[in-house]
Amino acid sequence: EKSGLKEAKILEVGFGTGLNFLITADFCSENNIQLDYTGIEAHPLEPEMIGDTGYGGYISPKLWNSFTDQYAESQKSVVHIGKSCSLKIEAKKMLDFNSNERFDVVYFDAFAPQAQPELWTADVFARMYAALRPEGVLVTYCAQGAFKRTLKQVGFQVERLQGPPGKREMTRATKT
């Protein structure tokens, strides 16, 4: 709300445990921002594993309960979590994801290039570039030089940012 933002459309590549979603949804709920969130996860975790993360201690209990209650259903259809958030988890690989939607932000939360090399290719980055609205932003904890050069190759303007605790730096790439 402070930024004047009223809605955000986010795509996460590598939904995993849902932590990025939960932090974002909690922020959006507190700031009256409508959140439309799509997560891509080739291997969604079992609901029990999500429940065991302990994330409920870091966000509103109402949001946590709504998320855990609807996590399994979110892999089949769009669910509404809280008063201002929709979530859809696509149980597929990024290269199999096709959408006409355009996103404001892409959270690229794949494992390191050595662990998942198929996600760190120019083809994948070009798909994410195409999925963004003009001036849309991709953010990731990866800061490797080859990765940043590939982002530039597909059209992104790339910046290095200070990382969160435990990470020296992160990357922000903007669709120009």
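Q: How is a pair of aromatic rings described?
A: A pair of aromatic rings is described by two quantities, the distance of the centres and the angle of the planes. The model here is predicted, and a search of the whole structure finds 15 aromatic pairs in it. One of the pairs is formed by Phe15 and Phe21, whose rings lie 6.2 Å apart from centre to centre with 40 degrees between the planes, a tilted arrangement.

Q: Are Phe15 and Phe21 buried or exposed?
A: Phe15 has a relative accessible area of 3% and is buried, and Phe21, with a relative accessible area of 0%, is buried as well. The cut-off behind this reading is that a residue counts as buried under 20% relative accessible area.

Q: Which arrangement do Phe21 and Phe67 form as an aromatic pair?
A: The pair of Phe21 and Phe67 is tilted, with 5.5 Å from centre to centre and 40 degrees between the planes. This pair links distant parts of the chain, since Phe21 belongs to helix 1 (residues 19-30) and Phe67 to helix 3 (residues 61-70), 46 residues apart. Phe67 is buried, its relative accessible area being 0%.

Q: Which residues form one aromatic cluster?
A: The cluster consists of Phe15, Phe21, Tyr37, Trp64, Phe67, Tyr71 and Tyr107.

Q: Where does the charged end of Lys175 sit?
A: The charged end of Lys175 sits over the ring of Tyr129, at 5.0 Å from the centre of that ring.

Q: Where is the place of Asn32, and where does Glu135 lie?
A: Asn32 is found in the loop between helix 1 and strand 2 (34-40), whereas Glu135 lies within strand 6 (residues 132-140).

Q: Do Asn32 and Glu135 count as buried or exposed?
A: Asn32 counts as exposed, with a relative accessibility of 51%, and Glu135 also counts as exposed, at 57% relative accessibility. The cut-off needed here is that exposed means over 50%.

Definitions and conventions: Residues are numbered from 1 along each chain as its sequence is written. This is a predicted model: local features need pLDDT of at least 70, side-chain atom pairs count only at pLDDT 80 or more; totals for chains, interfaces and linings use all residues. Side-chain values use heavy atoms; hydrogens and water are left out. Rings of Phe, Tyr and Trp (its six-membered ring) pair if their centres lie within 6.5 Å; planes under 30 degrees apart count as stacked, over 60 as edge-to-face and the rest as tilted. Buried means under 20% relative accessible area, exposed over 50%, partly exposed in between (1.4 Å probe, protein chains only). Helices (H or I, at least four residues) and strands (E, at least two) are DSSP runs, numbered from the N terminus. A charge sits over a ring if NZ of Lys or CZ of Arg is within 6 Å of the ring centre and within 35 degrees of the ring normal.
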